[in-house]
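Subject: Structure handover

Hello,

Here is the structure I promised to pass on. Please open it beside this email and follow along.

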Amino acid sequence: MRSGPVAVSVLAAGERRAAAGAHLRRADALTAVWREAREAGRKHAIEDFLFTYYPTRMSHLRRWHPGAGVVLADDDGDGDRGIGGAGAPRDDDELAGPADPGPPGAGWRWYTRVPAGVTLDREAFLAERGDAVRYLRELLAATTSRAGTFGCFGLHEWAMVYRDKEAGRDHRHPLPLRLGHAGTDAVVESHPVRCSHFDAYRFFTPEARDRNALRPTRATQPALEQPGCLHANMDLYKWCLKLGPAVPGDLLLDAFELARDIRYTDMAASPYDVSGYGVAAVAIETPEGKAEYVRRQRDFAERAAGIRARLVAVCDLLAV
């Protein structure tokens, strides 16, 4: 096992500034709808999920990293003022800081100085995140090795509110049910439920759990995760966050954009009425809705495959 920093290329200061600026602009564009709602004090039942279930600060999403194996070259005469620079985003800032992360130094966590500039300190990173890197490498590779399943039709969201009214519970979102309580229950009862994702299954109502063909647990996640699952593909964003600065900025935003797009389909195919957000329902209780769901599911799986492969490559570069 190697120790210390791992570096395979050097990025000049001008290239760094261009990449950081492009990253910031793309991050702001991808979060514009959520930020507008937040600034107006409104909840957004679709996009809030990306910042609550996946707890993310805007400053973290906007902050560009080159990824493992890249040295950020020094600016002439900049010395060692820190990679963030005087005005760079702090962890508690939302939209503060310039596009350029500033001259390289040792101001960001897990970075270290080398003769040509600064780079990710592999040894320090793995001392804290090594177990996570090993687990994610196993999970991602196992998921990639399986064929996707494309017949679940997003029924996990329906199973999360199944028989809620009958049991005296409130359903999960402050949105009306498109088919009402009885109609929602009827859809669950007339379809086989085949959810393989633990973090969806754990929110099933007690009455719905025994209807699921599988019994996923956290321990069996590497054995059950499959590349057709919308939630497994959304979670690629979570895994990017877990790998932190080892993940290049463009990969982080690719995963975030995929998670955001999937989230819209997840809610469009859910039992909730999302028409107030300008989103048309994917009526999975109909043949046409099922076909549309599968079409989107396959497209998401194809996009996710590339992101998953790039994350495996990050883990391999760290060479745990």
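Below is what was found in it, topic by topic.

This is a predicted model, in which local features need pLDDT of at least 70 and side-chain atom pairs count only at pLDDT 80 or more, while totals for chains, interfaces and linings use all residues. Residues are numbered from 1 along each chain as its sequence is written, and side-chain values use heavy atoms, with hydrogens and water left out.

**The cores**

Start inside. In soluble globular proteins, nonpolar side chains tend to be buried together. A nonpolar core here is a set of buried Ala, Val, Leu, Ile, Met, Phe, Trp, Tyr and Cys residues joined through side-chain atoms within 4.5 Å. Buried means under 20% relative accessible area, exposed means over 50%, and partly exposed is in between (1.4 Å probe, protein chains only).

The largest nonpolar core has 75 residues, and I284 and L311 touch the most other members. Helix α13 (residues 287-318) gives the most to this core: 11 residues. Helices (H or I, at least four residues) and strands (E, at least two) are DSSP runs, numbered from the N terminus.

What does I284 touch, leaving aside neighbours within four places in sequence? Its contacts (heavy atoms within 4.5 Å) include F153, L155, W158 and V187. H191, A269, G289, K290 and Y293 are also in contact with I284. A second, separate core has eight residues, among them V70, L72, Y111 and V118.

**A hairpin**

Y111 also has a bridge partner, L120 in β4. Strands β3 and β4 (residues 117-120) run antiparallel and are joined by four bridges. Two strands pair if DSSP finds at least two bridges between them. A hairpin of two residues connects β3 to β4.

C152 is in none, and the nearest cysteine sulfur, in C229, is 6.7 Å away. C152 is buried, at 17% relative accessible area. For C229, the closest cysteine sulfur is that of C195, at 6.1 Å, which is too far for a bond. C229 is buried too, at 9% relative accessibility.

**Salt bridges**

Side chains of opposite charge can pair when their charged atoms come close. A salt bridge is a side-chain nitrogen of Lys or Arg within 4 Å of a carboxyl oxygen of Asp or Glu. The whole structure holds 23 of them.

Look at R109 and E128, whose side chains meet at 2.4 Å, N to O. R109 lies in the loop between β2 (69-73) and β3 (111-114), and E128 lies in helix α5 (residues 122-144), so the pair ties together parts that are 19 residues apart in sequence. E128 is partly exposed, at 49% relative accessibility.

K238 and D235 form another salt bridge, at 3.9 Å, N to O. Both lie in helix α11 (residues 230-243), three residues apart, about one turn of the helix. K238 is buried, with a relative accessible area of 17%. D235 is buried as well, at 0%.

E166 and R163 meet at 4.0 Å, N to O. E166 is exposed, at 60%, whereas R163 is partly exposed, at 27%. There is also a network of salt bridges that links R26, D250, D254, E257 and R310.

**Positive phi**

Most residues other than glycine have a negative phi, and most peptide bonds are trans. R163 has a positive phi of about 60°. R163 sits in the loop between α6 and α7 (180-189). F153 has a positive phi too, near 60°. F153 is in the loop between α5 and α6 (155-159), and is buried at 17% relative accessibility.

**Aromatic pairs**

Rings of Phe, Tyr and Trp (its six-membered ring) pair if their centres lie within 6.5 Å; planes under 30 degrees apart count as stacked, over 60 as edge-to-face and the rest as tilted. The search finds nine aromatic pairs.

W34 and F51 have ring centres 3.7 Å apart and planes at 10°, so the pair is stacked. This pair links distant parts of the chain: W34 is in helix α2 (residues 32-39) and F51 in helix α3 (residues 49-52), 17 residues apart. W34 is buried, at 9%, and F51 is buried, at 9%.

Y53 and Y54 form an edge-to-face pair, 4.9 Å centre to centre, with 75° between the planes. Y53 is partly exposed, at 22%, while Y54 is buried, at 1%. Ring pairs link W34, F49, F51, Y53, Y54, Y237 and F256 into a cluster.

Best wishes

Notes: A disulfide is a pair of cysteine sulfur atoms within 2.5 Å.
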